[in-house]
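Here are my notes for anyone opening this one for the first time. Have a look at the fold, then read the points in order.

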Amino acid sequence: MTETILIIDDEKDLRNLLTRTLQLEGFEVINAENARQALKKITQEEIHVAISDVKLPDLNGIELIRQIKQISPQTEVICLTAFGNIPDGVKAIQLGAFDYLTKGEENQKIIPLLNRALDKARLQFKIKHLEAKIHQNYGFDRIIGKSSILQKSIQLAQKVAETNTTVLLTGETGTGKEVFAHSIHTQSPRKQQAFLAINCSAFGKDLLESEMFGHKAGAFTGAQKDKKGLLEEAHKGTLFLDEIGEMPSDLQAKLLRVLENGTFIKVGETQETKVDVRFIAATNRDLQKASEEGNFRLDLFYRLSVFQIHLPSLNERKEDIPLLAEYFAHDICLKMNRKPKKLSPNFIESLQNHSWKGNVRELRNVMERAIILTDTEQIEEDVLPFEFVIQEKSQVSKGIFSMAEAEKAHIQAVLKHTQGNKTQAARLLEIGLTTLYAKLKEYSIQ
């Protein structure tokens, strides 16, 4: 990736001198004689560092910093100030400039300072590109599964994604509602704008109100400055409201107003704020039943449920478990810098026989644990948690696990992980070494 330096100064001689100096150091340099030219160049290409005079003919350099940061937050700005104008440099830093130089000392200090600014800019642009790549790959192709029940949900989501219609995602915890919401946003006309999410059950009433609607300085103790809420931040984009059924009733009324006419009042404010936001809500509760029982606003339920999509539990689509397990195994090994691992037939069978109360989220956790405990090329069933132990034929009809067999299998799995080191195994099992030897004797474990 080419790293470009932009020099902004209306003094042609100084601009040319700086350009030549930096080019001799191997930098790619472009220049602009005023703020208008500079902003145009920043809009057209990636500028890693801008070196700008704070006194420009068409715009104050301090204001220019603010506009540069709005267009390209990753670009670092170094300001040039005249001797005696140190306050300008300090103000520039407060507005987001990397640092400032006094004219006349730039020849001695510019290269070290520029290299430090470049280091920061490189990291910021790398993060930006990674986020863009993730965004591009966050479509419906990321939803793993071929079962007919899942494909039906995906087809509905693809249809509604093209519109601005409010969507209500229903299903058990861990079924991937946020992944669906993000996929809908990514394939919507709003895909270039923000996708923001909030879990309505994670905050108390006052904090949730502040997070969603924002507040004015002094609205309550600790509100030292104005704060934009997620509704403003998501303007022209999408706001995902997870666990909407847990939202306090008085906030439900405020949300209903936003859904009806796109306006709300910030905490401590008297004037209305208008926004254009697409809403996607999710719940693991039966909101219609909750509404009929008086535990959720019925009018809000009807506003949210214009287009409902039910996400199936993992137990409803067990034929997808091998695909999901393979995907998680590959992804986790990649992140842990480990060689890819195969899944044994018995391991897959154990996964498919399990009752997945935590759904896809639980499956991923189980796969991560299995990979940590597996030192061979193939993952076997003995690295699964004890509740996965395959029952003896005599126990299957009872529908229960023998605690003794489960404990035996768990000890064997830990011993395999420690390669027979009993001291380490006892530590991992959080039992005494004497107790471990007694268990080995009891279960005839060699």
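1. A term to start with: contact means heavy atoms within 4.5 Å. Helices (H or I, at least four residues) and strands (E, at least two) are DSSP runs, numbered from the N terminus. With that in hand, look at helix H3 (residues 61–71), which lies across S1, S3 and S4 and runs at about 175° to S4. Axes are lines fitted to C-alpha atoms, for helices over the stretch in contact, with angles from 0 to 180 degrees between N-to-C directions.

2. Keep in mind that this is a predicted model, where local features need pLDDT of at least 70, side-chain atom pairs count only at pLDDT 80 or more, and totals for chains, interfaces and linings use all residues. Residues are numbered from 1 along each chain as its sequence is written, and side-chain values use heavy atoms, leaving out hydrogens and water.

3. How confident is the predictor? The protein chain has an average pLDDT (the predictor's confidence in each residue, from 0 to 100) of 87, and 91% of the residues score at least 70. Go carefully at residues 390–400, though: pLDDT stays under 50 there, and the model has 10 contacts beyond four places in sequence for that stretch.

4. Now the sheet. It is open, has 5 strands in the order S2-S1-S3-S4-S5, and its pairing is parallel (two strands pair if DSSP finds at least two bridges between them). Strand S2 (28–32) and strand S5 (99–102) are at the edges with a single partner strand each, so one side of each has no neighbour in the sheet. From one strand to the next, the twist averages 20°.

5. Inside that sheet, strands S3 (residues 49–53) and S4 (residues 76–81) run parallel and are joined by 5 bridges. Ile 51 stands opposite Ile 78 in S4. Helix H2 (residues 35–44) packs on the sheet too, touching strand S1 (4–8) and S2, and its direction makes about 140° with that of S2.

6. How do H2 and H3 pack? Their axes are 10 Å apart, at an angle of about 15°. That makes H2 roughly parallel to H3 (angles under 35 degrees count as roughly parallel). Among the residues making the contact are Leu 39 and Ile 42 of H2, and Leu 64 and Ile 68 of H3.

7. Last, Glu 243, in the loop between strand S8 (238–242) and helix H10 (249–261). Glu 243 counts as buried because its relative accessibility is 12% (buried means under 20% relative accessible area, with a 1.4 Å probe and protein chains only). Beyond its neighbours within four places in sequence, its contacts include Thr 173, Asn 199 and Ala 282.

Key. Buried means under 20% relative accessible area, exposed over 50%, partly exposed in between (1.4 Å probe, protein chains only). Angles under 35 degrees count as roughly parallel, over 145 as roughly antiparallel, 65 to 115 as roughly perpendicular and the rest as oblique.
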